[in-house]
Every structure is written in structure tokens, then in C-alpha cells.
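Here is a short briefing on pockets and helix packing. Have the sequence and the model open as you read.

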Amino acid sequence: MNINLHIEQLVLDGLPIDRQHGPLLEAAVKAELTALLASGGLSDALQSGGALYNVRPAGIQLANGESPTQLGEQIAGAVYGGISK
């Protein structure tokens with residue numbers, strides 16, 4: 001199965017991350033979301049295609065000293081939770 005996913009905008013208000021770490025965060029989100037989609041697929045409603053205007057993912061838990069990579073993995077998991085149900 002081929003899955004094409006396009007995220008127009010990912011709004012991350014209030015996250016403790018410097019602008020310089022943005023590319024690391026983005027790469028982590030992409031890598032983790034790709035892995036989750038490869039292993040778990042999509043919801044039945046999206047199996048045959050479709051578009052979602054927005055996805056309201058579950059919250060994430062921030063820990064002191066969390067790296068951009070760890071934060072990106074949490075964000076990907078939350079987004080995946082919104083498209084895999």
C-alpha cells in the first residue's frame with residue numbers, strides 16, 4: 001500500500017524549542033510518522049483515500065531536557081493517533 005501524506009501546517013504553540021532546532025524536530029516527526037504509518041496503516045475511513053481539514057491529536061507530555069528528536073516522536077505519535085482510529 002502506498003500512503004501519501006501532506007501536512008500543510010503543523011502549529012506547535014508554546015513548545016520550548018529554539019528556532020535552530022526546528023529542522024531536527026521536523027525530521028523526527030517525519031521519520032516517526034513514516035514508521036508508524038508503515039507498521040500500523042491508516043484508519044478504515046482513510047484507507048481508500050481522502051483528506052482531512054484538520055486533525056486534533058491527543059496532548060503530549062513535555063519533560064525537562066527533552067530533545068527535539070524526542071519531542072518530534074511524541075508529536076508524530078499524537079498526529080498518528082488522529083489518523084489511525
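A helix axis here is a line fitted to C-alpha atoms over the stretch in contact, and angles run from 0 to 180 degrees between N-to-C directions. The model is predicted. Helix α1 covers residues 22–40, and helix α2 covers residues 68–83.

**Helix packing**

- The axes of α1 and α2 come within 7 Å and cross at roughly 40°.
- The crossing of α1 past α2 is right-handed.
- On the α1 side, the contact is made by Leu 24, Leu 25, Ala 28, Val 29, Glu 32, Leu 33, Leu 36, Leu 37 and Gly 40.
- On the α2 side, the contact residues include Pro 68, Leu 71, Ile 75, Val 79, Tyr 80 and Ile 83.
- By class, this contact has 14 nonpolar, four polar and two charged residues.

**Largest pocket**

- Its volume is about 1100 Å³.
- The largest pocket is lined by 33 residues, and Ile 7, Gln 9, Asn 54, Val 55 and Val 79 are the closest to its centre.
- The lining of the largest pocket divides into 21 nonpolar, nine polar and three charged residues.

**Second largest pocket**

- The second largest pocket has a volume of about 330 Å³.
- It is lined by 15 residues, with Ile 7, Leu 10, Glu 26, Val 29 and Lys 30 the closest to its centre.
- Eight nonpolar, three polar and four charged residues make up the lining of the second largest pocket.

Technical notes. Residues numbered from 1 in each chain as written. Predicted model: local features only at pLDDT ≥ 70, side-chain atom pairs only at ≥ 80, totals over all residues. Heavy atoms only, no water. 1 Å grid on protein atoms, 1.4 Å probe; cavity = no way out; pocket = protein on both sides within 12 Å on 5 of 7 lines; lining within 4 Å. Points joined across faces, edges and corners; volume = space filled by probe spheres on them. Nonpolar A, V, L, I, M, F, W, Y, C, P; charged D, E, K, R; others polar. Helix = DSSP H or I, 4+ residues; strand = E, 2+ residues; numbered from the N terminus. Left-handed = near helix turned anticlockwise from the far one by under 90°. Contact = heavy atoms within 4.5 Å.
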